[in-house]
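Colleague: I'm new to this one. Can you walk me through it?
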Amino acid sequence: MDKMPKWADVILIPLISVILALLVSGLVVIFIGESPIEAMQIMIRGAFGNAYGWGYTLFYTTNFIFTGLAVAVAFHAKMFNIGGEGQAALGGLGVAIICLTIPWPHWSVALLAAVIGSAVFGAAWAAIPAYLQAKRGSHIVITTIMFNFIASALLVYLLVNVFRVPGSMAPETARFPEAVHLPNASQFAGFLGFRPSTPLNVSFFVAILACVFVWLLIWRTRLGYEIRAFGHSETAAVYAGIHPVKIVMVSMLISGGLAGMMAINGVMGEAERLVIDNVQGAGFVGIAVALMGRSHPVGVFLAALLFGALYQGGAELEFEMPAVSREMIVVIQALVILFTGALDNMVRMPMEAFFLARHRRQEAAAAAAAPNPKPDAAHTGAPAAQREE
Amino acid sequence: MDFLTILQILDSTVRLATPLLLACLAGLFSERSGIFDIGLEGKMLAAAFASAAIAFVTGSAWAGLAAGIGASMILALLHGVASITFRGNQLISGVAINFLAAGLSVVIAQTAFRQGGRTPALTGDARFTEITLPFADAVADVPVIGPIYANLISGHSILVYVALLIVPLTWWVLFRTRFGLRLRAVGENPAAVDTAGISVVGLRYAAVLICGVLCGIAGAYLATSLSAGFVKDMSAGRGFIALAALIFSKWRPWYALMACLLFGLLDAVGNRYQNIQLGDFVIPVQFMQALPYILTVIILAGFVGRAIPPRAGGEPYVKER
């Protein structure tokens, strides 16, 4: 059954895919006449070289952890939630309503309420596509795409007509009160050199908690087991008494909730108001992050860190190499999705062949090393070889 | 609302529906063969950039069109390799293609033209100009029919007429030729087609490449006809509206024309009127923009006429050993 050792599946294949994606990105940089090595150095320095870079890198990482986990949870139930963008936008609406309507005494209470509010709004936006998938069989990918566009129109309408500050032209809500201001990295980690302007805030820790939560949920609970079973084989899961409608609904609600929670970082932690297009593509980055991280929280965290570094490093790159547009990040993102997602088999097939051949060689060598095999040794060897077929 | 206003709205409906129609028919070929394609948007965008860039360099809209089709076909081939040869996830491949086009078009445009990721404005022969059909000027003064012929039917770019001709052509190819029968069969039951000794892989590649050609024309139309040059993200979700129209039309060519005209009309009305007053009730422009998507979700939900996709759609075909 297992053609490859587990470490090859979990680490080696994603690594090779990402290296391929980066190599092709390097070719693009060469094509536009710049040095990929130099570009890489600028990006790494920009992302990790100082506290300013780290602040933005980890700020983006926080966003991508939430959206990556959202896609990952849906992947476990074999659903492709492409609607993170819309769910996160609605999460922002939830955060804005909570921060603007209730006079919170302290940021910690407000944060808790905002986490719940954003998750509820994000989950609500995922609920309709989930219901249509579960009950009516409408393809979740198409409906979530449609819901992204509907969310964007809805948010523009609300910001222009409902939440806009009277007398202001800008389609955005009023600034949130000072009481709900989340401590940023200069307040809780100022000794590391973070400036008061850094966007990194306590939401980062909420994101890490979300990773732990998803790990517990998927691998340590009955519900998680049911989600994974459903994802592996719907018919087998149904035969085992797992209710498909429940699994589709619950996993999509969790997925939408996680995507919505992204808003506490950007809307509550950084902008402190709801603006148009507050998600800025993070919902889509989540797809790349989940694919690269193999839908495992640890993988999602590492992939989110890589993409956080790409986004921050890419901003520096555009600054220092004007010939390279910021859209280079989008190209790298596309190539990561392509190689780790769509072209997975291109890497996997030769790797499987390689490990299978190596295994056979080892067995042949083991058989040759024993010149006069005892009957019982040959007896135990034969079934093992059969199993490999 | 007078007669002339209605004519103007219908005129811009035709213009706005054309790229939707081409992309929708592109998706029709692909999805009828069992290959889901959410990368219509990306292929259109890549074609828009390539056609604008080449049309600017050569000064010929036709060279631009060829370049647009070429760029779109490269991405279509990539989709084919990922989803047919390597049996990858077709939806993920489509997402990757959308991002690849969105990123590469701006990166290359910035390198080549240094104008912040756009191409210089196209003028003269680098654009497909409006062609006047015979007698359009002569009959313009005839009441009712004259203005309809002169303003609505005449006076579009040649690509508009090409798009309209592709509708019957698609119908004929899909429902009246052997190739079309096989194409539809491979989207419903590839194993049966394989058993009959016909190449599933070959048919699907053919469908995906036809999809590339049509998306290429759609993109070239955007950049060299509807506007004059490429700007970042100029496809602006049209690939997804086309996808919505495809579902709305239940994967049928003539209905696709109707759906695209409907969505084009919504777009045209939304462009012309910011808010529509109906008695005391105001319909906001954002609602008009969201309407194609809302309608598609309703259709998908199956409450009003159920949309059933080709049965083998989205599933890679594995030959039995």
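Predicted model: local features only at pLDDT ≥ 70, side-chain atom pairs only at ≥ 80, totals over all residues.

Colleague: What lies between the two domains?

Modeller: A nonpolar core. The largest one has 229 residues. Those touching the most other members are A:Leu69, A:Phe307, A:Ile337, B:Cys24, B:Ala218 and B:Ala245. Domain 1 and domain 2 of chain A both give residues to this core, so it lies between them.

Colleague: Take B:Ala245. Which residues does B:Ala245 touch?

Modeller: Leaving out residues up to four places away in sequence, B:Ala245 touches B:Leu20, B:Cys24, B:Ala256, B:Ala259, B:Cys260 and B:Phe263.

Colleague: Now the two chains. How many residues of chain A are in contact with chain B?

Modeller: 37 residues of chain A, against 36 residues of chain B. On the chain A side, α5 (107–136), α6 (140–161), α12 (282–292), α14 (328–342) and α15 (344–369) each supply at least two residues. α6(A) gives the most, with 11 residues.

Colleague: What about the classes on that side?

Modeller: The side of chain A that touches chain B has 26 nonpolar, eight polar and three charged residues.

Colleague: What scores does the predictor give the complex?

Modeller: An ipTM of 0.90 and a pTM of 0.88. Chain B averages a pLDDT of 89, and 97% of its residues score at least 70.

Colleague: Which element of chain B has the lowest mean pLDDT?

Modeller: Strand β3 (residues 276–278) of chain B, at 72. Helix α3 (residues 61–85) of chain B has the highest, at 96.

Colleague: Back to chain A. How many helices and strands are there in chain A?

Modeller: Chain A has 16 helices and zero strands. Its C-alpha trace spans about 90 × 55 × 40 Å along the principal axes. Of the 389 residues in chain A, buried ones make up 49%.

Colleague: What share of its contacts joins residues 24 or more positions apart?

Modeller: 76%, among contacts in chain A with a separation of 6 or more.

Colleague: Let's pick one residue, A:Tyr311. Is A:Tyr311 buried or exposed?

Modeller: Buried, because A:Tyr311 has 25 C-beta neighbours inside 10 Å, and the cut-off is 20 or more. A:Tyr311 is found in helix α13 (residues 297–320) of chain A. Apart from neighbours within four places in sequence, A:Tyr311 is in contact with A:Tyr60 and A:Ile329.

Colleague: How far is A:Tyr311 from A:Leu111?

Modeller: 200 residues in sequence, and 26 Å in space, C-alpha to C-alpha.

Colleague: One more helix: α2(B). What is its reach from first C-alpha to last?

Modeller: Helix α2 (residues 40–58) of chain B has 19 residues and reaches 26 Å, close to the 27 Å expected. 17 of the 19 residues of α2(B) are buried, so this helix is largely enclosed by the rest of the structure.

Colleague: And what follows α2(B)?

Modeller: B:Gly59, with a positive phi near 75 degrees.

Conventions. Residues numbered from 1 in each chain as written. Chains lettered and ligands numbered in written order. Contact = placed C-beta atoms within 7 Å. Helix = DSSP H or I, 4+ residues; strand = E, 2+ residues; numbered from the N terminus. Nonpolar A, V, L, I, M, F, W, Y, C, P; charged D, E, K, R; others polar. pLDDT = per-residue confidence, 0-100. Core = buried A, V, L, I, M, F, W, Y, C linked by C-beta atoms within 7 Å. Buried ≥ 20, exposed ≤ 12 C-beta atoms within 10 Å, placed from the backbone. Domains from an automatic or database assignment. Expected span 1.5 Å × (residues − 1).
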